[in-house]
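This briefing is meant to be read alongside the sequence and the coordinates.

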Amino acid sequence: KNARLIEFKKVEVVIDESKYTDMSIAEIREVAADTNVKVDGVVAAITYADKGVRNGVYLIDGNASIYVYGRDVASQVEVGNTITVAAEKDYYILETEKPSAEKYGYEGANQLTNSYLLENDKKVTELDFSFVEEKTVKEIMETPIDEVNITTVIYKVTAYVKKVPGSGFVNYYINDLDNKTGTYSYTQW
């Protein structure tokens with residue numbers, strides 16, 4: 001209450017790259033949480049939080065995809081940029097969903113956090129989605145969570161989509177071609 005900003009200092013963060021292991025996105029998807037990784041990839045999409053603030057990017061490398069959470073990286077890149085990121089492997093679960101996640105053995109969304117942009121070519125590279133699997137919504141919905149973590153994996157599907165705008169958000173209902181099997185999604189994307 002009645003707070004005032006007295007001083008503001010911009011501090012350059014120096015990253016010790018020797019503490020990060022070079023990996024492909026596919027390798028990162030398999031390592032344990034808290035592993036420090038360094039990865040190259042192309043920005044496939046940028047996500048936004050409230051009021052249009054960038055909060056993360058989807059990164060692809062021609063073989064796999066992963067979400068990189070962080071405003072610092074997202075604010076410095078554009079779709080198509082080839083970047084190098086140092087980050088920490090993480091799994092995200094909304095705090096209120098942790099009891100259900102534990103009950104069903106769900107680890108959380110496969111992602112990178114505490115991310116730092118090391119390099120950006122600032123060029124627009126054509127996105128290569130040739131690695132993306134084509135599946136039905138039903139196949140994705142029936143993937144056992146204890147066998148494979150499909151979070152942040154990009155799939156190509158043919159589906160019925162119903163868009164339902166809310167107050168400052170959008171809900172999507174994504175159904176298979178049977179128009180029964182499906183999911184409800186709230187998305188920042």
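G56 is found in strand 3, and in this predicted model G56 is buried, with a relative accessible area of 0%.

- Leaving out residues up to four places away in sequence, G56 touches A45, I46 and T47, together with Y67, V68, Y69, G70 and A74.
- G56 counts as buried because its relative accessible area of 0% falls under the 20% limit for that class.
- Between the C-alpha atoms of G56 and I140 the separation is 24 Å, and these two residues are 84 apart along the chain.
- Y58 also belongs to strand 3, which runs over residues 54-60, and Y58 is buried with a relative accessible area of 17%.
- From Y58 to V79 the C-alpha distance is 9.2 Å, for a pair that is 21 residues apart in sequence.

**The chain as a whole**

- The C-alpha trace spans about 60 × 45 × 35 Å along its principal axes.
- When contacts between residues at least 6 apart in sequence are considered, 55% of them join residues at least 24 apart.
- The chain exposes about 12600 Å², and 49% of this area is supplied by carbon and sulfur atoms.
- The chain carries 21 positive and 31 negative charges, and the mean positions of the two sets are 9 Å apart.

**The second largest pocket**

- The second largest pocket holds about 410 Å³ of space, and of the 20 residues that line this pocket, the closest to its centre are R29, E30, V148, N149 and V153.
- Helix 1, residues 25-30, provides the largest share of the lining of the second largest pocket, with 3 residues.

- Most residues other than glycine have a negative phi.
- N2 has a phi near 55°, a positive value in a residue other than glycine, and N2 lies in the segment before strand 1, which covers residues 21-22.
- N2 is classed as exposed because its relative accessible area of 66% is over the 50% limit for that class.
- T152, likewise a residue other than glycine, has a positive phi, near 65°, and is found in the loop between helix 4 (137-141) and strand 8 (155-156).
- Is T152 buried or exposed? T152 is buried, with a relative accessible area of 13%, and this class follows because the value is under 20%.

- L177 is found in the loop that joins strand 10 (170-175) to strand 11 (182-186).
- At 52% relative accessibility L177 counts as exposed, since the class of exposed residues begins over 50%.
- Which residues is L177 in contact with, leaving aside its neighbours within four places in sequence? The contacts of L177 on that basis are with T158, A159 and Y160.
- L177 and E119 lie 42 Å apart in space, C-alpha to C-alpha, and 58 residues apart in sequence.

Conventions
Residues are numbered from 1 along each chain as its sequence is written. This is a predicted model: local features need pLDDT of at least 70, side-chain atom pairs count only at pLDDT 80 or more; totals for chains, interfaces and linings use all residues. Side-chain values use heavy atoms; hydrogens and water are left out. Contact means heavy atoms within 4.5 Å. Accessible areas come from the Shrake-Rupley method with a 1.4 Å probe; for residues, only the protein chains shown count as cover. Lys and Arg count as positive and Asp and Glu as negative; His and the chain ends are not counted. The place of a charge is taken as NZ of Lys, CZ of Arg, CG of Asp or CD of Glu. On a 1 Å grid over the protein atoms alone, a cavity is a set of points where a 1.4 Å probe fits but cannot get out, and a pocket is an open set with protein on both sides within 12 Å along at least five of seven lines; lining residues have an atom within 4 Å of a point. Grid points are joined across faces, edges and corners, and a volume is the space filled by probe spheres set on the points. Helices (H or I, at least four residues) and strands (E, at least two) are DSSP runs, numbered from the N terminus. Buried means under 20% relative accessible area, exposed over 50%, partly exposed in between (1.4 Å probe, protein chains only).
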